[in-house]
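Q: I am new to this structure and would like to learn how to read its features one at a time. Could you take me through them with the sequence and model in view?

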Amino acid sequence: MWQFFHKLGSPKWFFGIANRFMPWLLAGGLILLAAGLVWGLAFAPKDYLQGNSYRIIFIHVPSAFLAQSIYIMMASAAVVTLVWRMKLADVFVKSVAPVGLMFTFLALFTGAVWGKPTWGTWWVWDARLTSMLILLFLYGGAIALDRSINDEKSAARAVAVLVLVGVVNIPIIKYSVDWWNTLHQPATFKLTEKPSMAMEMWVPLLLSVLGLYLLFGWLACLRMKTEILVRERRTRWVKELVLAGRK
Amino acid sequence: MNVNAPIALKKVDSSVGVFQAMVSVFLRDVRVAFRQRQDLLNPLLFFTMVVTLFPLGVSPEVAFLKQSGAGILWVAALLSVLLSLDHLFRHDFDDGTLEQLMLQPQPLFLLVLAKTMAHWLLTGLPLVLLTPVLGLMLHLDGNSVATLCLTLLIGTPVLSLIGSIGAALTLGLRSAGVLLSLLIIPLYIPVLIFGTGTVAAAAEGAQVSGYLALMGAFLVLALTLAPFASAAALRISLSNS
């Protein structure tokens, strides 16, 4: 157990593991996402109320899911950064923050596109939308802080503090805007309850969520590998790796 | 004088109690601030000017001002606190006082708490005191003004406390001012929502004790958690420079 823990902190070890897992993550993610999207977009039944426009849910819900869980993952990694000073944890935070920003933007964008036919407007100041917008700001702040500090280690620790402060605030922000204004439909997707939607819609949605998670795993590995190469550029194993690649 | 003699280290006076240390940090900040009186005045001028922009820029109609006056005052107060946060640690950072504070035997987070409280006394409280005058100019009725002042009284210390985290994180960075706003504004949103919500409820004649209790909860949460985060951020920023 402890050996595993120590290994996890070693960028070189991670590099090897990531290389081994990445093809599987990519293939699994693409297959699941393709299956979910084709099923959802072409074969799932129409919604009796919203017609075909509801089909954007197969992109909207998975992105919103990831947008939120990436922040939670970043916060967990931030704890590891601050407590154990593990190199990989801050590589993770730095690498996935822009991905989280992208998914948050995607969720907001698809939400706006969906809102136009269903609510008749691109944007409403509703609780869910507002809290996603604030999440976008939190991601933006973390990225901006990271880019403003030149020293890699201090940047990582400062961002970790900020992300943790943000994660304490997320429930507060969520409840305050919920209380403030609510128009958005309740969450479609709860693991603990029986789905409120038809099975033919729910299964493809589940497939796209899982597929996007796997793809996120692949993207995170890819970005972390790049970041590791930059950070460890002076170490012998990276030099050997690059020289071997050149041959 | 014998040059070879070892330099006597000043004995660390650990007999100073924690509370005493906090009080002296607090009094020092107040004293320093009163020697730079313009810095005390600036947030208040800014506050007044931002409030002036709304009737000029949106509408001077009484109905509009009555409806949005509380929100305008809250946003203006929030921005003024935000603007003044840069001063919280900057001078002490520049002249090395902060490093000395860090070396004290007393826990840093308590000293940071004392500094933040001094900051509130010097910026937050004057804003609260100025609010009735501006509220009158925005045609708010007496009841609304009273509630507004109460929410600001509870809310501005929260703004100072949360802001101290941002000020500590951006210490010594190039574009600290804008960055500070980017980091802190999202965290201010709940305070703003409940602050203005309380006034809106009071205007409708509803009970406000529940809202005030929630704002009090924010204050307690910020008082207990923010100084730890600020102290951690200060250590990071100072190890960076």
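Q: Which side chain meets that of Arg231(A) in a salt bridge?
A: Side chains of opposite charge can pair when their charged atoms come close. In this predicted model, the side chain of Arg231(A) meets that of Glu152(A) in a salt bridge, at 4.0 Å from N to O. This pair links distant parts of the chain, with Arg231(A) in helix α7 of chain A and Glu152(A) in helix α6 of chain A, 79 residues apart.

Q: Is Arg231(A) buried or exposed?
A: The relative accessible area is the value to read here, and a residue counts as buried when that value is under 20%. Arg231(A) is therefore buried, because its relative accessible area is 18%, whereas Glu152(A), at 38% relative accessibility, counts as partly exposed.

Q: Which residues are linked with Glu152(A) and Arg231(A) in a network of salt bridges?
A: Asp90(A), Lys94(A), Asp146(A) and Glu227(A) are linked with these two residues in the network. Over all chains, a search of the whole structure finds 11 salt bridges.

Q: Where in the chain do the partners Glu232(A) and Lys87(A) lie?
A: Glu232(A) is in the loop between α7 and α8 of chain A, while Lys87(A) is in helix α4 of chain A, 145 residues apart, so that the pair links distant parts of the chain. Their side chains meet in a salt bridge at 3.8 Å, N to O. Glu232(A) is buried, with a relative accessible area of 12%, and Lys87(A) is partly exposed, at 47%.

Q: How many salt bridges are counted between chain A and chain B?
A: The count between chain A and chain B is 0 salt bridges, and the count of residue pairs in polar contact, with both residues at pLDDT 80 or more, is 1. The elements that give two or more residues to the side of chain A that touches chain B are α5 and α6 of chain A, and α6(A) provides the largest share, 15 residues. By class, this side of chain A has 16 nonpolar, 7 polar and 3 charged residues. The area buried between the two chains is about 2,100 Å², of which carbon and sulfur atoms give 81%.

Q: What does Thr116(B) touch, leaving aside residues up to four places away in sequence?
A: Thr116(B), which is found in helix α6 of chain B, touches Leu88(B), Ser160(B), Leu161(B) and Ser164(B) on that basis. Thr116(B) is buried, with a relative accessible area of 3%.

Technical notes: Residues numbered from 1 in each chain as written. Chains lettered and ligands numbered in written order. Predicted model: local features only at pLDDT ≥ 70, side-chain atom pairs only at ≥ 80, totals over all residues. Heavy atoms only, no water. Buried area = accessible area lost by both parts, 1.4 Å probe. Polar contact = N/O pair within 3.5 Å; in protein donor to acceptor, adjacent residues only side chain to side chain. Helix = DSSP H or I, 4+ residues; strand = E, 2+ residues; numbered from the N terminus. Nonpolar A, V, L, I, M, F, W, Y, C, P; charged D, E, K, R; others polar. Buried < 20%, exposed > 50% of the residue type's maximum accessible area, 1.4 Å probe, protein only. Contact = heavy atoms within 4.5 Å.
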